[in-house]
Amino acid sequence: MDIKGIPLTTFASSFDSPKEDLNKPLVSYPPSNKKSSDGRESLEEVPIRATDTNVVLSLDPDNPVDETSPKEFHEEKISSWIWILSTVAGISGLLFGYDTGVISGALAVIGSDLGSELSSKQRELITSATPFAALLSGITSGWLADLLGRKRLLMYADGIFVLGSIVMAVARNIATLVAGRFIVGWGIGLASLIVPMYITELAPAHMRGRLVIIYVVFITGGQLVAYSLNAAFENVRQGWRIMMGLGALPALCQLIPLFWTPESPRYLLKQNHVEKVYKIMSRIHPNARPGEIAYKVSLIQEGMNFSSLEGNQFQRVKHSFNRLWSVPSNRRSLFIACFLQAFQQFSGTNAIQYFSAILFESVGFKNSIQISIVVGATNFLFTILAFMFIDRIGRRRILLYSATTMIIALSVCAVSYHFLELKKTEWKYVTLVSIIAFLASYAFGIGNIPWQQAELFPMEVRALGTGFSTAVNWSGNLIVSATFLTMMESITSVGTFGLYAGFCFVGLITCFFTYPELAGMSIEHISILLEKGFWNAVKEQDNKSKNEIKDTY
Ligand SMILES: O[C@H]1[C@H](O)[C@@H](O)[C@H](O)[C@@H](O)[C@H]1O
């Protein structure tokens, strides 16, 4: 059974498709130019079923039937366009990383430029305005991604970034600086919701992991740039204005190419813009024959639930909300997405990153700013390593291995603090090495995997679900960075790092029992897998060989 030589077993073996599904039309071909009354393109042309054999198709209107049926699925060449699109979208990560990393350096040089020296409360307010706004925009903007589309919302986020950066750079008082930080945070929250979703919806299954990590490479790259600028501007008066204003640059660099960037194919399909999807897919797969493109579109279409399109916008959001909570597989997706984000943040990573200079100074290092650059560089380099290996090793395995190393590193760090308290100063090197080891394993696993969140959700609840998990990320960020210094005082450094090790242990166990391997699976199949329950899904995937898991889209 195949469509134009495309072995359907490639698709069918990867999940147990019920028999009746094979009789459902998978795709309509050729895509029609006909518009329905609401302006949408019609889907009513020739329906192709998975049970149809020897279907031969062509995109050429003068030659509707391509007689040269390929013997096998031959076109796996993917054009570099997909890398360009993911990179353009990923630039938002630079703003995320830059704006969260630059604040500690900026606060150190602001002095009395805003009227008087900043109190600790004011510093806290300026710092937390960004993650707080990101949290609010994550919770409230999921439905906007469905209303306006992924690309349009990303363009708005860029406008917000530019505005926020200008407000911060020209601020004359604390309230204006806080307002600027809030505006930028709103943009960061929006982008952290949309970018991973946009890339996920665009990517072929076997390279989705890598393409989404591009975003995290930009985040950690932005943080590294920020830490380096913090060092460079350490003694420059009013230099903080340049540091804050520079954030507008990447936003502008992203905004321009976005005009030529297509909307996400899955979003377009949801809007019934089938012809546009064919064009995008043909550009991503330059060697694919029309029948193969039709097949790929069918794979995506088959798993999408169009029922959510009915009603007005309010009803659709309400419908998505109900489906998110009432459908067991959606609840499982939401649990995994939120728990992974919480695991990431409660590992204590940002406490270590944001306060690394203070941390290293307190254990006796003089060159603490340079050491914080090493910390940033470790995070960046190991994210690149994850980029290279994620689709080969798989998310689950990477996560289980790296979480184990994180627990060991944090425990060693806690022990080193114990000896430092006993005035054994040479243990500071153990502290340094353990923190670097922690960040390396963090960046390789939990630092990037939660951002694969969009793949967990079916289309009808994706925007809403990822909105919630993004909000969990930012609430965790806020809680951890706001409590770190207090915890170091109240429960000591040993207690603080011991507690983070404990959180990671809980994360590891939860991961073991609930997070199945998803590498190479089509996002439409992931929710089908999760219908079986956490542990059944984990076992089913573990029992499959890597090749069996592979889907084309
Ligand atoms: O994935 C990113 C990355 O790991 C960053 O280094 C961290 O600061 C963020 O909070 C996290 O979401």
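This is a predicted model: local features need pLDDT of at least 70, side-chain atom pairs count only at pLDDT 80 or more; totals for chains, interfaces and linings use all residues.
The chain comprises 553 residues, of which 51% are buried, and its secondary structure amounts to 23 helices and 4 strands. Among the contacts in the chain with a separation of 6 or more, 81% are accounted for by residues 24 or more positions apart.

For Ile 194, when residues up to four places away in sequence are not counted, the residues touched are Ala 145, Arg 150, Leu 153, Leu 154 and Ala 157.

A helix pair was also examined. Helix 16, formed by residues 368–393, packs against helix 18, formed by residues 428–444, at an angle of about 35 degrees and with the two axes 7 Å apart; the crossing of helix 16 past helix 18 is right-handed. On the side of helix 16, the contact is made by Val 375, Thr 378, Asn 379, Phe 382, Thr 383, Leu 385 and Ala 386, while helix 18 supplies Ile 435, Ile 436, Leu 439, Ala 440, Ala 443 and Phe 444. Divided by class, this contact between helix 16 and helix 18 has 10 nonpolar and 3 polar residues, with no charged residues.

The ligand is surrounded by 15 residues, the closest of which are Val 216, Ile 219, Thr 220, Asn 350 and Gly 447. The elements that give two or more residues to this shell are helix 6 (208–232), helix 14 (349–354) and helix 19 (459–490), and the largest share, 4 residues, comes from helix 6. In terms of class, the shell around the ligand consists of 3 nonpolar and 12 polar residues, and no charged residue is present in the shell.

Two residues other than glycine were found with a positive phi value. For Gln 238, phi is near 60 degrees, and this residue is placed in the loop between helix 6 and helix 7 (239–245). Gln 238 is classed as exposed because 11 other C-beta atoms lie within 10 Å, and a residue with 12 or fewer such neighbours counts as exposed. For Thr 492, phi is near 65 degrees, and the residue lies in helix 20, which covers residues 492–514. Thr 492 has 15 other C-beta atoms within 10 Å and is therefore partly exposed.

Two charged residues complete the description. Glu 361 is placed in helix 15, which runs over residues 356–362, and is partly exposed, with 16 other C-beta atoms within 10 Å. Although Glu 361 and Leu 211 stand 150 residues apart along the chain, a separation of 37 Å lies between their C-alpha atoms. Lys 276 belongs to helix 10, made up of residues 274–284, and likewise counts as partly exposed, since 17 C-beta neighbours are found inside 10 Å. The C-alpha atoms of Lys 276 and Cys 253, which are 23 residues apart along the chain, are separated by 25 Å.

Methods. Residues are numbered from 1 along each chain as its sequence is written. Two residues are in contact if their C-beta atoms, placed from the backbone, lie within 7 Å. Axes are lines fitted to C-alpha atoms, for helices over the stretch in contact, and angles run from 0 to 180 degrees between N-to-C directions. A crossing is left-handed if the near helix is turned anticlockwise from the far one by less than a right angle, and right-handed if clockwise. A residue is near a molecule or strand if its C-beta atom, placed from the backbone, lies within 6 Å of it. A residue is buried if 20 or more other C-beta atoms lie within 10 Å of its own, exposed if 12 or fewer, and partly exposed in between; C-beta atoms are placed from the backbone.
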